[in-house]
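The sequence and structure are shown first.

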Amino acid sequence: MELTLDKKLQGFQLVAQEKLQAILCSIPGKKELILEPALIKPLEHVCTASWLKLKGIQRIYKHDAAQSLPRSPDQVHIYMIRSVLGTFQTLLQQLQPLALEEMPDISMRMYHIVCVPSCYSYFQTLLEQAGLWGFVQLHHFNWDFIYFDQGVLSLELPNLYECVYLQGNSSPLPSVAQSLRLLQMICGQPSVILTFGNHSSQLVQMLEAYGKLPEPTNPPDYGAWLIIDRDKDYPASLLTPAIYAGLLLEVFQQRSGEILVDNTKNKISSQRVELLLGKSTKKSVGSGSKPCSIRLNSTSDEIYGDNRYKHFAQVSSLIRAQVRALGLELQKLNDMQLEEMHDYVARKLPKLTELKAKVLRHLNASEIVIQMMGNFRRLQTLEEEILNNASRKKLLGEIDELLTTDGQRFNTLRLLCLLHHCVGVAPEELQMFARNYCNLFGHQELGVFQQLAQAGLLPHLVPEKKAPTKLLSNLPIPKFQQTEFQANANRLKLLTSFGDGPDGSASSKNQGSNMQSCPSFVFNGTYIPLVAQLCSILLKTNNAEELSSKLAMIEGLKLHLEGGKTTPKAYTAHLKGVGSAEVDVFPLKLRNLFVFVVGGASYAEIAACDFVSKLTAAQITMASDSLMAGSDLIATAFNNST
């Protein structure tokens with residue numbers, strides 16, 4: 001039986017199990033597994049607790065950084081942690097006194113540390129410096145891609161953005177390249193890879209360094225790959241999505257393809273200044289039922305599957321209608337005869353009860369989203385004005401007003417970052433905002449601005465100067481001066497105001513009843529995510545010359561073919577030079593695309609690519625190191641500044 005692409009992607013779980021089994025079976029003795037709490041949920045996608053017990057694990061514990069776990073003489077402790085320096089050092093400090101007190105047999109090695117996804121060379125040095133070399137054995141385990149939903153994969157490496165973009169540390173990239181290499185082995189080599197950004201190009205170079213793959217027995221599953229750096233399309237992360245799945249991630253904490261719907265706390269309430277929460281908000285957020293989880297998988301949750309990429313306003317009314325319909329269905333029991341009731345209870349009632357529980361979970365989630373998002377229309381109008389480069393003074397004033405009236409730690413900064421990326425923020429304007437921000441949240445947050453500047457989201461803070469710069473900041477910036485974002489958005493028709501066709505239709509915003517007529521529907525008709533537009537171009541291009549005419553003006557775009565790395569313009573010139581001696585890879589023979597975002601993808605991008613795939617009768621698989629909302633992107637700067 002021929003495997004479908006979806007089944008092949010689900011097969012990553014079997015590969016991960018084989019890798020983990022090889023590690024566990026190489027360790028003799030009675031084994032106990034101590035997991036870092038953040039690894040529990042992703043590991044559930046790899047294996048179950050019963051599977052681990054079959055491989056010799058007797059007990060599983062959650063690792064506590066503040067308290068060490070006692071060990072009996074015949075037990076082997078296996079720690080599984082992320083490849084983060086701070087976590088590794090904390091664990092070594094915890095193991096140091098234990099190993100010295102016990103003086104275990106070196107040949108047995110009673111302590112093992114499994115680092116996910118890599119075990120860096122300096123970890124061995126730190127082990128030796130701590131006096132634990134020989135007592136502790138290091139391993140590495142990379143679970144590769146985790147299948148979340150149809151067309152959605154994640155490596156579950158939430159610290160990659162922080163490492164690569166904030167710290168300038170590219171050490172996590174080799175493990176990503178290894179996962180992409182495994183994808184090539186399973187799904188075949190694509191005819192072309194399009195990269196946009198330094199890190200994306202670096203990943204392809206690593207893939208080439210691994211050497212050629214063995215001759216495939218089956219035809220490839222993907223016609224082309226698209227790998228793009230997160231910093232090449234920050235607006236797709238910073239803008240507030242209008243779709244259901246996107247807004248769920250804006251409000252609720254995501255844990256490996258699952259969100260926790262908690263009435264007592266969520267992302268918005270936890271980042272808002274307590275003084276601005278208000279009594280009514282505190283009561284409504286603090287009351288209600290126990291926390292429940294919603295799995296972001298269309299197979300296990302049909303309510304989510306039907307509504308995940310729809311506009312939130314539409315989904316909210318559909319869920320309410322479903323609740324009413326289920327209520328009427330259950331009322332039919334009152335009018336039934338005894339025999340009919342027995343049959344109904346035995347056959348239909350369990351399914352209806354399960355469906356009702358799912359619908360009520362989604363109803364509760366949607367009501368919390370409505371409550372937490374507040375004046376959503378005002379926020380979207382502000383974001384649209386930022387994209388279209390309206391009055392800078394007015395925009396800064398509105399962001400300042402939101403800071404004082406709404407007081408959200410991450411989302412207010414997110415708007416300022418969007419403004420800088422699209423229009424530009426002067427250092428003097430940043431100084432004024434930083435002063436107001438620190439007065440509200442505390443001056444310990446000043447380092448966050450430098451972290452965001454490191455990622456290119458804000459300008460660098462400079463010492464405050466006297467009158468001349470203040471005069472300059474008051475001068476209006478001429479309208480003809482375009483930022484890099486505006487230039488690229490204009491060339492690629494990312495803003496719907498620039499659109500003149502199906503790739504960026506300006507009329508799509510005003511169609512009302514038919515909102516999903518353009519990929520920009522994910523942002524309420526204001527912006528088309530770059531990955532969706534590039535996918536559309538790749539799928540619709542008939543020849544290399546057509547591709548060059550659309551992408552030649554975009555700096556940093558590279559085509560990786562069998563002959564090596566080139567640009568769309570150079571590839572067109574090469575084909576003209578050789579004539580019919582070389583076959584053009586366009587149009588793509590296989591209409592399946594694999595998209596990878598280095599630094600985290602958003603559900604708005606996934607929904608936009610899903611829309612393009614339906615429009616072009618293609619199949620697009622979206623993957624990244626993690627799935628995140630805009631506030632998660634900003635939160636990484638806070639993690640790194642402490």
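## Helix packing and salt bridges

Helices H26 and H27 are roughly antiparallel to each other, a label given to angles over 145 degrees, while angles under 35 degrees count as roughly parallel, 65 to 115 as roughly perpendicular and the rest as oblique. The model is predicted: local features need pLDDT of at least 70 and side-chain atom pairs count only at pLDDT 80 or more, whereas totals for chains, interfaces and linings use all residues. Residues are numbered from 1 along each chain as its sequence is written, and side-chain values use heavy atoms, with hydrogens and water left out.

H26 covers residues 544–551 and H27 residues 568–578; their axes come within 8 Å and cross at roughly 150°. Axes are lines fitted to C-alpha atoms, for helices over the stretch in contact, and angles run from 0 to 180 degrees between N-to-C directions. Helices (H or I, at least four residues) and strands (E, at least two) are DSSP runs, numbered from the N terminus. The crossing of H26 and H27 is left-handed, meaning that the near helix is turned anticlockwise from the far one by less than a right angle; clockwise would be right-handed.

On the H26 side, Ala544, Glu545, Leu547, Ser548 and Leu551 meet Pro568, Lys569, Tyr571, Thr572, Leu575 and Lys576 of H27, where contact means heavy atoms within 4.5 Å. The contact of H26 with H27 comprises 6 nonpolar, 2 polar and 3 charged residues. In this classification Ala, Val, Leu, Ile, Met, Phe, Trp, Tyr, Cys and Pro count as nonpolar, Asp, Glu, Lys and Arg as charged, and the others, Gly among them, as polar.

A further packed pair is formed by helix H18 (residues 376–387) and helix H20 (residues 411–422), at an angle of about 20° and with axes 9 Å apart. That angle makes H18 roughly parallel to H20. H18 contributes Leu379, Leu382, Glu383, Ile386 and Leu387 to the contact, and H20 contributes Leu415, Leu418, Leu419 and Cys422. By class, the contact of H18 with H20 has 8 nonpolar, no polar and 1 charged residues.

Charged pairs are considered next. The structure holds 21 salt bridges, each a side-chain nitrogen of Lys or Arg within 4 Å of a carboxyl oxygen of Asp or Glu. Three of them are tabulated.

| Pair | N to O distance |
|---|---|
| Lys30 and Asp74 | 3.1 Å |
| Glu605 and Arg230 | 2.9 Å |
| Glu401 and Arg378 | 3.3 Å |

Glu401 lies in helix H19 (residues 392–405) and Arg378 in helix H18, 23 residues apart. Glu401 is partly exposed at 39% relative accessibility, and Arg378 is partly exposed at 29%. Buried means under 20% relative accessible area, exposed over 50%, and partly exposed in between (1.4 Å probe, protein chains only). Salt bridges that share partners also join Lys41, Glu44, Arg255 and Glu258 into one network.

Lys30 is partly exposed at 40% relative accessibility, and Asp74 is partly exposed at 39%. By contrast, both Glu605 and Arg230 are buried.

Helix H11 (residues 244–251) has 8 of its 8 residues buried, so H11 is largely enclosed by the rest of the structure. Among the buried residues of H11 are Tyr244, Leu248 and Glu250.
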